[in-house]
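Biologist: Could you put the structure up, please? I would like to go through a few side chains with you.

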Amino acid sequence: MYRLLIVDDEPAIVDGLVQHFQQVESLELDVCKAYSPLEALGIVKKTKIDLVISDIRMPGKSGLQLADDILFYWPACRIILLTGYSEFDYVYSAIQKNIDNYILKTEGIETIVAAVLAAIDKLDQANQMQAALEQAKQQLTVAEPHLKKQFFEALLLGEKALDLWQAPYFAGLSMRLSRSDQVMMIVGRMDRYDQVLTYTDKLNLHLSIQEVLQQQLPSHFHMESVVHDSSLLVWFIQPAEEAGMFKSGEGITQWADISEYLKGMLEPVQDQCRIALNADVSFAISRAAVDWDGSAAEFERLKSSMKKCSLFGQPMSIIHLGDMDEVIQAERPHPSAELSTGMFNKQLDALQRSLETGDEGAAAKLTSELYAHVEVNLSSNSLIGMERYYQFVLVIITQMTQVRPSGASDDEAWTLDLGASEEQLLALVHKLCAQKKEQQNKGEHLIIERIHRFIAEHLGRDLSLARIAEAVYFNPSYLSRFYKQLTGRTLSDYMNATRADAARQMLEETQMKVNEIALRLGFESPSYFTAFFRKMTGSTPQEFRESVLLRRDRKENRSM
């Protein structure tokens, strides 16, 4: 799904184009709108934009100037300019800026749609080329990445940055980051993958995810990354000197703006990981920059925030650390031979994933297999057998602490004795998976409730898919599918129905004028509101109000 931004200082044109593109079912577009270049820039600064249709002459900033700003943030964005003017100098400037198309407003909607289709085709081609490049640029030396990994791992474990910088074996590292400046941090985690991965498979996946983010990150940022504990990806990011858009007039780095921009950049990274790598990835990003010595504490906060979201079974999260307070308040065949340590650990990982996702069939099968392996180990080497038994049971206990319902401490079904039998373990696994599914269902319903509440509270404001997703900490592209899968209807259908219901209520219960109701519901153009209301109800707002008054008069006459 691509995101289209429509910008014009004439509300009727914006609303008309929004309505048209939302009704074209063959185009899966998330349509945003802005009635001024300033409003458009506010959207662009924190949300990835793929396509722009913009008026070329607007108060405060021209479409050409706006194009420069948009391309600073999103260099791959395709831009189509509309105008009522046909002077050569504007056409020439547009060509010089590599604008996709230059269309006179008198040419009609078909010409605009054709230009959008052509721009989408260019985006598809670019994405295909990028996916092909994903298959690796691993031409680094062996020592450099290993030493960098050791450096950042030590930093995340709380070692003093100055001591590390001065250590002889780290002194020659070609770091792209400045030791005197603060850093932003991003933590990533693979949510789901369909098979048991070897160490090499997992390493390749991690390297590919790092490469995807590196490609999405504009050149005016410097970055270093590390895979921590074979499971978490950690990025350290600083703006380059030429990143002037993120500096104040006094030259002070605006870290809050950088944080918002990086959060918006993570959406296409997630989408590319899903398309090219078949991997769902979640991210957490710092609320602000931290000193090097504060990176270990910030890392722990980022990890904690991801764990909180994972309790709801929510994949593909984008978590901004500064917003987490609000989130917290919201929601068997027996083997014939012993398993190697590596295979045993892989099966433990698979059991943990099955319990986390509530996959009862897979969890029960793995529990039986692991129990059988432990029995074999106990008969051949009791010490190794005991060690593996405790590792095995620890996985189950860890899940118990996360999903056991409150007040269940005295329930025998939620207790686990040392030396528990296979039947006892299986019974507990079944309860764990059932409880996990219940938690996931509750979490999904909470998300839907938060979406509906946000829409109800913002009917007169920006209700683009990107803004709704931001409010519920979701990937915008994934949210659209998630909502339809759970409710059977699209978000657009729900928003239109909610607006229509609110309009009917205000027409029936208040004396507000039609244009006032239109503005209250986010329609800058009264005529667009009238067309919308007629489509939803079969009558104009005035006809509806007159019918209400007529029914009331008849009722009063009957009662007399």
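Biologist: What is the relative accessible area of Arg3, and is Arg3 buried or exposed?
Modeller: Arg3 has a relative accessible area of 3% and is therefore buried, where buried means under 20% relative accessible area, exposed means over 50%, and partly exposed lies in between, with a 1.4 Å probe and protein chains only. This is a predicted model, in which local features need pLDDT of at least 70 and side-chain atom pairs count only at pLDDT 80 or more, while totals for chains, interfaces and linings use all residues. Residues are numbered from 1 along each chain as its sequence is written, and side-chain values use heavy atoms, with hydrogens and water left out.

Biologist: Which side chain does Arg3 meet in a salt bridge?
Modeller: Arg3 meets Asp30, at 2.7 Å from N to O; a salt bridge here is a side-chain nitrogen of Lys or Arg within 4 Å of a carboxyl oxygen of Asp or Glu. The two are 27 residues apart and link distant parts of the chain, with Arg3 in strand 1 (residues 2-7) and Asp30 in strand 2 (residues 29-34). Strands (E, at least two residues) and helices (H or I, at least four) are DSSP runs, numbered from the N terminus. Asp30 counts as buried too, because its relative accessibility is 6%.

Biologist: And where do Glu224 and Lys148 sit?
Modeller: Glu224 is in strand 7 (residues 221-228) and Lys148 in helix 6 (residues 143-156), so this pair, 76 residues apart, also links distant parts of the chain. They form a salt bridge whose closest N and O atoms are 3.0 Å apart, and both residues are buried.

Biologist: How many salt bridges does that rule give?
Modeller: The count comes to 17. Another of them joins Asp280 to Arg274, with the closest N and O atoms 3.0 Å apart; Asp280 is buried at 11% relative accessibility, whereas Arg274 is partly exposed at 26%.

Biologist: Changing topic, how many disulfides are there?
Modeller: The count is zero, taking a disulfide as a pair of cysteine sulfur atoms within 2.5 Å. As for individual cysteines, Cys32 is buried at 2% relative accessibility, and Cys273 is buried at 0%.

Biologist: What about Tyr199, buried or exposed?
Modeller: Tyr199 counts as exposed because its relative accessibility is 61%, and this residue is found in helix 9 (residues 199-216).
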